[in-house]
Amino acid sequence: MIYFDNAATSFPKPMQVTDAVVDYMTKIGANPGRAGHIQSVRAGEIVFETRKKIARFFGVKSPMNAVFTSNATEALNTAVKGLLRDGDHVITSAMEHNSVLRPLKRLEEHGMITLTLLDGDERGVLSVEEVLKAIKQGTRAIVLNHMSNVTGTVQPVREIGELCRSKGILMILDCAQSAGIIPVDLCADHIDIACFAGHKGLYGPTGTGGMVIRDGFNFDSITPLKEGGTGSLSDKTVQPAFMPDKFESGTLNVAGIAGLSKGIDFLNSLPEGLKSVQLHKQTLQKYFIEKAKKHIKGFVTQSETDGYGVVSFIIVGLSVSEVTMKLSDRYGIMSRQGLHCAPTAHRRIGTFPEGTVRFGFSVFNTRDEVDIALKALKEIAGGN
Ligand SMILES: Cc1ncc(COP(=O)(O)O)c(C=O)c1O
């Protein structure tokens, strides 16, 4: 089996990730922050250690500003619905995932916010000038996808962040694809809230993700998405107002968080950290695209040669589902077809409504695997 669906969720995970999950499940098992017994304390330590690692990873000093959620979608919903208020104007891009578009559209349909969706250039990349032009009285926030899950397009986050900070506009960044590939520093990049998936480039288990809030941010201004038991202030019937309990109601996915902790360790242990990840993915992407353009009949890609391992393509004359089905059934190659939950991105790059085939490479993919996929695609396209 060759797994190229890493942009959906990464597989395999580093062995230490699996080991940490099994360790927690077999040796600890308890609920953190809910009891004084030693097992609960040990579970709490795992969560706190991971919180510290996440905060550090995103350039934030206070570990309490790292909130765990079950995925990037929950984090984005918390940030968007928790921050925006009646009358706000919000800027976003055509390259967003539905995890951003759907919450924003709901608020727009309910008449709560007005929304400007910026097209960017032909690859969906925004310029500072375009954002500046869209800012008007009442613009409260920009919600931006750092790295497209369709094309791998990367937005100039620091420049846009700088502009937003100078105008007093909040910056919410969707790091679902970029975390673990491109360094994100909330302070240097002028980001207020970063939402991440733990199960993609951070190599944690499914069911992990979170929201990191910059140091000094007034988190009182964010309404929690859910309320309930936190193990703290149990005599009160109202939600605690402090971090991170305000946003972490219900039992945490400690098994997943234990794994995520080791996923971050794994990235930090690479010879050059995220640079090693980038280099590996860029090498595979360049190799795949160059060979495919040369040897596969009808191959057209919507991704750049020098991207970080998210490659969208079509084979002219074949439906994308035919291609992915044949790759899976005949060759054991896992890829994803369609719109990838990003309809406006596909409209922007001209592949709506059919979508594309997507290969998402991970640090564990090899050139040999790419060669096998190239051969498979050549055979599939050859029957065109
Ligand atoms: C850019 C982007 N944003 C958000 C998400 C949602 O992530 P999750 O599945 O962790 O909710 C994804 C998932 O593919 C994504 O690619």
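Select residues 72-83, which form helix 3. Its twelve residues reach 16 Å from the first C-alpha to the last, close to the 16 Å expected at 1.5 Å a residue. The model on the screen is a predicted one.

How many of the twelve residues of helix 3 are buried? Ten of them are, so the helix is largely enclosed by the rest of the structure. To see them, colour Ala72, Thr73, Glu74, Ala75, Leu76, Asn77, Thr78, Ala79, Val80 and Leu83, the buried residues of helix 3.

Next, display what covers these residues. The cover includes helix 4 (98-109) and strand 2 (66-69). It also includes strand 5 (139-145), strand 6 (170-174), strand 7 (193-197) and strand 8 (209-213).

Now select the ligand. It is surrounded by 13 residues, and the closest are Asn71, Thr73, His97, Asn149 and Ala176. Colour the shell around the ligand by class: eight of its residues are polar, four are nonpolar and one is charged.

Move on to helix 11, residues 367-382. At 1.5 Å a residue, its 16 residues should span 22 Å, and the C-alpha atoms at its ends are 22 Å apart, which agrees. Within helix 11, select Val370, Ala373, Leu377 and Ile380, which are buried. Turn the view until you look down the axis of helix 11: the buried residues fall within an arc of 85°, so they line one face of the helix.

What does the face of helix 11 turned away from its buried side carry? Select Arg367, Asp368 and Gly382, the exposed residues found there. Then return to the buried residues of helix 11 and show what covers them, including strand 1 (2-3), helix 8 (274-295), helix 9 (320-331) and strand 11 (333-334).

Finally, show the whole protein as a cartoon. It contains eleven helices and 13 strands. Its radius of gyration is 21 Å, close to the 21 Å that the globule rule gives for 384 residues, so the protein is as compact as a globular protein of that length. Along its principal axes, the C-alpha trace spans about 70 × 55 × 35 Å. Of the 384 residues, 49% count as buried. Among contacts between residues at least 6 apart in sequence, 69% join residues at least 24 apart.

Methods
Residues are numbered from 1 along each chain as its sequence is written. This is a predicted model: local features need pLDDT of at least 70, side-chain atom pairs count only at pLDDT 80 or more; totals for chains, interfaces and linings use all residues. A residue is near a molecule or strand if its C-beta atom, placed from the backbone, lies within 6 Å of it. Ala, Val, Leu, Ile, Met, Phe, Trp, Tyr, Cys and Pro count as nonpolar, Asp, Glu, Lys and Arg as charged, and the others, Gly among them, as polar. Helices (H or I, at least four residues) and strands (E, at least two) are DSSP runs, numbered from the N terminus. The expected span of a helix is 1.5 Å times one less than its number of residues. A residue is buried if 20 or more other C-beta atoms lie within 10 Å of its own, exposed if 12 or fewer, and partly exposed in between; C-beta atoms are placed from the backbone. The arc is that of the directions from the helix axis to the C-beta atoms. Two residues are in contact if their C-beta atoms, placed from the backbone, lie within 7 Å. The radius of gyration is taken over C-alpha atoms; the globule rule is 2.2 Å times the number of residues to the power 0.38.
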